[in-house]
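Trainee: Could you take me through this structure and show me how its features are to be read?

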Amino acid sequence: MAPRLKAEAYIEGIRQGDRVMLARAITLVESIRPDDQKLAQSVLNALLSQTGQSLRIGLSGPPGVGKSTTMDALGMQLITAGHQVAVLAIDPSSQVGGGSILGDKTRMPRLGASEHAFIRPSPAGKSLGGVAEKTREALLLCEAAGYDVVIVETVGVGQSEIMVSQLVDTFVALMLPNAGDELQGIKKGIIEVADIIAINKADGPMAAIASRAKREHENALHYSRQRLEGWSVPVVLMSALEQVGLQDLWATVQRHHQFMRDNGHFHRRRSEQRTQWMWNHIQNQLLVHFHQHPQVQDQLEAVELLVRDGALSPVTAAKRLLKLQSIQD
Ligand code: GDP
């Protein structure tokens, strides 16, 4: 890690849209060192008034669905239209191995080379909650650096989607034109978080299948609970490869945004997200303190073993451990 600078250097750099400073500040945010955390918080606090202005978009989908192709093509269209685009990628599978392929710039060659884009993989973290918190802080720093479109990307595996939906204004679920599987996706609860469904690869021999999938989705959505009152989730057909339907997708994102603003959902969603963030932080901190407590560290393994063997009830075990650092229910 590059040597730490004074808070002012990060703050000034970010205000001027310096991507190196932005990247270094995000590294600070991701650091677990207490002094880095303190520095990161002063940088964030100083910049908070310059945040909140971007369009925050979540994009999720299974590997191979075309997320990077979409972001490369859509991102370049947005840049041509005068936007500054940041991509933050969350790859839950990287949490074990460390490092992420999602945020790899080579996946988005044109966007990666553009001076109007900023691409960053998620930190490898132990808990999804921790990753969410750091991604949110990275998002705020991107906004302060002048990025007016921030895309948070994730591989669709359920939990991470819910987490991303708590960070963004508009959540786009990217799907393959395979109706059977996609309806499975709906059952899995993607519908709970999606504001827009986009069926990619609607080209060549898949075009007809994609149209059928669109109809099946629309039918299924018709009978699902609306996530946002008054908003029926649109299904967009597109081909990222042939760059067809991207404008339609973008127009739909904007329509959703406008709908949210017109109906008070926008401020409600953002304030709920801020509250959620506070609680996430409290939960994370409580867990960190719990794990750091020396007596807990001493006894955790043995108690866990007893629970695993059925020799101690989980509740009694939890109470015993919590008592050690006097957090009781
Ligand atoms: P990701 O894993 O979701 O990021 O998917 P990629 O963007 O890397 O795409 C996976 C593969 O699908 C690549 O070989 C792409 O060229 C291809 N692909 C992406 N979008 C389309 C599309 O719209 N149509 C077709 N036919 N192929 C696509």
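This is a predicted model: local features need pLDDT of at least 70, side-chain atom pairs count only at pLDDT 80 or more; totals for chains, interfaces and linings use all residues.

Trainee: With which side chain does Arg308 meet in a salt bridge?

Mentor: A salt bridge is a side-chain nitrogen of Lys or Arg within 4 Å of a carboxyl oxygen of Asp or Glu. The partner of Arg308 is Glu304, at 3.0 Å from N to O, and Glu304 is partly exposed at 43% relative accessibility. The two are four residues apart in helix α14 (residues 294–308), which means that about one helical turn separates them; helices here are DSSP runs of H or I with at least four residues, strands are runs of E with at least two, and both are numbered from the N terminus.

Trainee: How many salt bridges does the count come to by this rule, and which parts does the pair of Glu153 and Arg107 tie together?

Mentor: The count comes to twelve salt bridges. In the one between Glu153 and Arg107, the closest N and O atoms are 3.1 Å apart. Glu153 lies in strand β4 (residues 149–155) and Arg107 in the loop between α5 (94–97) and α6 (109–113), so the pair ties together parts that are 46 residues apart in sequence. Glu153 is buried, with a relative accessible area of 0%, whereas Arg107 is partly exposed at 21%.

Trainee: Which residues are linked in a network of salt bridges?

Mentor: The network links Arg4, Arg33, Asp35 and Asp36. Within it, Asp36 pairs with Arg33, their closest N and O atoms being 3.8 Å apart; Asp36 is buried, with a relative accessible area of 1%, and Arg33 is partly exposed at 40% relative accessibility.

Trainee: How should I read the two sides of a helix such as α11?

Mentor: An α-helix has 3.6 residues a turn, so residues three or four places apart point the same way. In α11, the buried residues are Ala210, Ala213, His217 and Leu221. Seen down the axis of α11, the buried residues fall within an arc of 70°, so they line one face of the helix; the arc is that of the directions from the helix axis to the C-beta atoms. On the other side of α11, Ala208 and His222 are exposed.

Trainee: Where is Asn200 placed, and which backbone nitrogen does the side chain of Asn200 reach?

Mentor: Asn200 sits in the loop between β6 (196–199) and α11 and is buried, at 2% relative accessibility. The side chain of Asn200 reaches the backbone nitrogen of Ala240 at 2.9 Å.

Trainee: What of Val235, is this residue buried or exposed?

Mentor: Val235, in strand β7 (residues 235–237), is buried with a relative accessible area of 5%. The C-alpha atoms of Val235 and Leu174 are separated by 9.9 Å, although the two residues are 61 residues apart along the chain.

Definitions and conventions: Residues are numbered from 1 along each chain as its sequence is written. Side-chain values use heavy atoms; hydrogens and water are left out. Buried means under 20% relative accessible area, exposed over 50%, partly exposed in between (1.4 Å probe, protein chains only). A polar contact is a pair of N or O atoms within 3.5 Å; within protein, one must be able to donate a hydrogen and the other to accept it, and residues adjacent in sequence count only if both atoms are side-chain atoms.
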